[in-house]
Amino acid sequence: MQDTTSSTGFPRPDQQGRRTIGWFAAALSGLSAAAVVLGVGELVAALIAPDASPFLATGATVVDHTPQALREFAIEQFGTRDKLVLFLCMGAVMVALAVTAGLLERRRPYGSVLLAGLAVAVGIAVMQRPDATAAFAVPILLGAVAGILTLRILITRAPRRAAPEGEPTGEAAAGEDTTDASRRRFLGWAAGAVVLAAGSAAAGRWVGERARAVTADLRRFVVPRPQVAAAPVPPGTDPPVPGLTAFRTPNDTFYRIDTALRLPALTSDDWQLRIHGMVEREIRLTMDDLLRRPAVEKMITLTCVSNEVGGDLVGNASWIGYPLADLLAEAGVRPDADMVLSTSADGFTAGTPVAALTDGRDALLAVGMNGEPLPVEHGYPARMVVPGLYGYVSATKWVVDLEITRFDRAQAYWTRRGWSAFGPIKTASRIDVPPAFGRIAPGPVVVAGVAWAQHRGIAAVEVQVDDGPWRPADLAPEYSLDTWRQWTWRWDAPPGSHTLRVRATDGAGRVQTEERADPVPDGATGRHSRTVTVG
Ligand SMILES: Nc1nc2c(c(=O)[nH]1)N[C@H]1C(S)=C(S)[C@@H](COP(=O)(O)O)O[C@H]1N2
Ligand SMILES: [Mo]
């Protein structure tokens, strides 16, 4: 093989005084580039999607696609070391491909093309993961970009030697025409690349370890047994209508809203809550301090202010925790204070009226959700839950600090961005069935949905067909003022296209307004409607 490479690393066949890169420098360039792909990929994955680690996700996909016979053979041969063998095999393949990429890159950027192709293959493998989202493509993408840049930079800086026509490039000849200085410079660049790769991988590991530590801590966390359990859910609370939202929302389908790009990694040992500001005495609570107190369990429906009319940013769970009123009483809130500014481990803040926490409603510092520890994405190890207020002014997850202050002194995260300082939940109702733009048969049909007006309660729900009269729907038994209510309405559907509309009346007798309003600044209003074709 004969190399004709210009000093920029690109071949110029017509160039006189042909120069070439030795195989060692080329292989080292390829290996360094591959290391950078993996290192950067690992770090980006740890930051945004831990399960998208290019190396591990590819390994997992390989395992998933290993024929059963080979898998059994591997387990039989290597026992519990089967994973190590897999990683060694993957490593060997990677080294071979990296060296190939480096050697190819000497003539034309074919090595870069090879790396890009491999990145696509790894990307496809990563996207095979069962929990894959669009974010899973990002680590390998950024890793590949960094790796290809590394390869280009190293190849253009690799020492060259004269390659007289007809003389093969070989080990013995490599470096003949290179000065020690240029060789040292190249090794410096290669070392830089390896340090970058190792540093990224180590940083990724560190971040990943922290996330794993929290997962392990969460698994060990024993939710306190409440002294006062939530009232039992009365029969009939869940009318048996397919497609109707259940009274209790499971943790894994509970809506999630927060500003966290990466979930805060807070173990219960690291957690502390500081209550300070306009108080008689500042308090600091560890999780052990908290767990020694009597816990209660309350069913509370949470809603996001960003929920559109008919939207699903609402969910109902039982929360196990400690009345915030007791904690505030212990600190002694000064009479001129009117706001509790809560801060999360990641710097989010919410401003809650002191009154909403002390007027007797079930405002909790929660550590349990539906009988389990709070899932990390819902605030592990502790969060606030306040009936009747939108989440952005009350439901701080990963809460670590309560500052007692005043609305004329402090502003919270969303208030600074144009949302209202106060966020009482507005009366709302939603049609779940029949589905939007569905086609149904004429005759008896059950229309059903949910309605909520937390801490005021739902007194009535009515349904209107086209421009007809409002008809009362059947309400499921009321669990409490702080939870949503399922409703059903029997309709004798005539053929044609019809619009169903719903409205609720809250416990104070106020009918849900038909006036349309955007979520900004304090919650959407308007009536949910659904058009169906009957026939
Ligand atoms: N730390 C933190 N807590 C937060 C938020 C946030 O962005 N960061 N968002 C709030 C908003 S807007 C809502 S609606 C609720 C949602 O709680 P969930 O994700 O458990 O449903 O959390 C609240 N608590
Ligand atoms: Mo929200």
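UniProt positions are given in the numbering used here, with feature names shortened, and its annotations may be inferred rather than shown by experiment. The structure is a predicted model, in which local features need pLDDT of at least 70 and side-chain atom pairs count only at pLDDT 80 or more, whereas totals for chains, interfaces and linings use all residues; side-chain values use heavy atoms, with hydrogens and water left out. Residues are numbered from 1 along each chain as its sequence is written, and chains are lettered from A and ligands numbered from 1 in the order in which they are written.

Under the heading "transmembrane region", an unreviewed UniProt entry lists residues 21–49, 84–104, 111–128, 134–155 and 186–207. Secondary structure was assigned from DSSP runs, numbered from the N terminus, with helices (H or I) of at least four residues and strands (E) of at least two. By this assignment residues 21–49 are 90% helix and 3% strand, and the end C-alpha atoms of the span lie 39 Å apart. Residues 111–128 are 94% helix and 0% strand, with 26 Å between the end C-alpha atoms.

An automatic or database domain assignment supplies the domain bounds. The protein is divided into domain 1 (19–212), domain 2 (251–417) and domain 3 (428–534). Between the C-alpha centres of domain 1 and domain 3 the distance is 57 Å. The unreviewed UniProt entry also lists residues 263–413 as "domain: Oxidoreductase molybdopterin-binding". This span is 12% helix and 38% strand, and its end C-alpha atoms are 18 Å apart.

Ligand 1 is surrounded by 18 residues, the closest being Tyr255, Thr259, His378, Arg383 and Lys397; a residue is counted here if one of its heavy atoms lies within 4 Å of the molecule. Polar contacts are pairs of N or O atoms within 3.5 Å; within protein, one atom must be able to donate a hydrogen and the other to accept it, and residues adjacent in sequence count only if both atoms are side-chain atoms. A polar side-chain atom of Lys397 lies 2.5 Å from an oxygen atom of ligand 1. For Arg383, a side-chain N or O atom is 2.7 Å from a ligand 1 oxygen atom, while Thr259 places a backbone N or O atom 2.8 Å from an oxygen atom of ligand 1. On its own, ligand 1 has 530 Å² of accessible area, of which the protein covers 99%. Accessible areas come from the Shrake-Rupley method with a 1.4 Å probe; for residues, only the protein chains shown count as cover.

Side chains of opposite charge can pair when their charged atoms come close. With a salt bridge defined as a side-chain nitrogen of Lys or Arg within 4 Å of a carboxyl oxygen of Asp or Glu, the count comes to 22. Residues are classed as buried under 20% relative accessible area, exposed over 50%, and partly exposed in between (1.4 Å probe, protein chains only). Asp401 and Arg274 form a salt bridge at an N to O distance of 4.0 Å. Because Asp401 lies in strand β12 (residues 399–405) and Arg274 in strand β3 (residues 272–277), the pair ties together parts that are 127 residues apart in sequence. Asp401 is buried at 17% relative accessibility, and Arg274 is partly exposed at 26%. Both residues belong to a network of salt bridges that links Arg274, Glu282, Arg284 and Asp401.

In helix α7 (residues 180–220), Arg212 and Glu209 are three residues apart and therefore separated by about one helical turn. Their closest N and O atoms are 3.3 Å apart in a salt bridge. Arg212 is partly exposed at 46% relative accessible area, as is Glu209 at 39%. A further salt bridge joins Asp506 and Arg510 (3.8 Å, N to O); Asp506 is buried at 1% relative accessibility, whereas Arg510 is exposed at 52%.

Most residues other than glycine have a negative phi, and most peptide bonds are trans. The peptide bond from Tyr380 to Pro381 is cis, with omega near 5°, and Pro381 occupies the loop between β10 (372–373) and β11 (383–385). The bond from Val433 to Pro434 is likewise cis, with omega near 0°. Trp398 has a positive phi, near 50°; this residue lies in the loop between β11 and β12 and is buried at 2% relative accessible area. His455 also has a positive phi, of about 75°, in the loop between β15 (443–452) and β16 (458–465), and is partly exposed at 29% relative accessibility.
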